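Open the model in your viewer and keep the selection panel at hand. The stops below go from one selection to the next.

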Amino acid sequence: MTIKHPEGMDFSYKDNRTEYEIFFDLMYANYLQEKHDNNESKDILSKTDYFESNRSFLLTKFKEEA
């Protein structure tokens, strides 16, 4: 059974995040993976706390990679 989509409608996924938001999300995911790999699950920062604690580092790294 084929579903017909209305003409002119775009159903493709659009990521509305900025380049920095995408970079930050990847860095946070890497942070979580590192904590998991090192069995450091007791002292994991929330996403907000991670951002606040590492703001200058994240901005510097983002500018280096841009």
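Begin by selecting Y20, F23, F24, M27, Y28, Y31, Y50 and L58: these 8 residues make up the largest nonpolar core. Helix α1 gives the most to this core, with 6 residues. Bear in mind throughout that the model is predicted. As a general point, nonpolar side chains in soluble globular proteins tend to be buried together.

Next, select residues 19–37, which form helix α1. The helix has 19 residues and reaches 27 Å from its first C-alpha to its last, close to the 27 Å expected at 1.5 Å a residue. Colour its buried residues: Y20, F23, F24, M27, Y28, Y31 and K35. They lie on the same side of α1, because they cover an arc of only 135 degrees around the axis. Now turn to the face of α1 directed away from that buried side, where the exposed residues E19, L26, H36 and D37 are found.

What lies over the buried residues of α1? Show α2 (47–53) and α3 (55–65), which are included in the cover. M27 gives one place to look: leaving out residues up to four places away in sequence, M27 touches Y50, F57 and L58.

Stay with the rings. The model has 9 aromatic pairs. One of them is Y20 with F23, a tilted pair at 6.3 Å centre to centre and 35 degrees between the planes. Y20 and F23 are 3 residues apart in helix α1, so about one helical turn separates them. In general, an α-helix has 3.6 residues a turn, so residues three or four places apart point the same way. Then select F24, Y28, Y31, Y50 and F51, which form one aromatic cluster.

Move along α1 to K35. Is K35 buried or exposed? At 12% relative accessibility, K35 counts as buried. Display its surroundings: apart from neighbours within four places in sequence, K35 is in contact with E40, S41, D43 and I44.

The last stop is N39, in the loop between α1 and α2. For context, most residues other than glycine have a negative phi. With 70% relative accessibility, N39 counts as exposed.

Technical notes
Residues numbered from 1 in each chain as written. Predicted model: local features only at pLDDT ≥ 70, side-chain atom pairs only at ≥ 80, totals over all residues. Heavy atoms only, no water. Helix = DSSP H or I, 4+ residues; strand = E, 2+ residues; numbered from the N terminus. Expected span 1.5 Å × (residues − 1). Buried < 20%, exposed > 50% of the residue type's maximum accessible area, 1.4 Å probe, protein only. Arc of directions from axis to C-beta. Contact = heavy atoms within 4.5 Å. Core = buried A, V, L, I, M, F, W, Y, C linked by side-chain atoms within 4.5 Å. Phe/Tyr/Trp six-rings, centres within 6.5 Å; stacked < 30°, edge-to-face > 60°.
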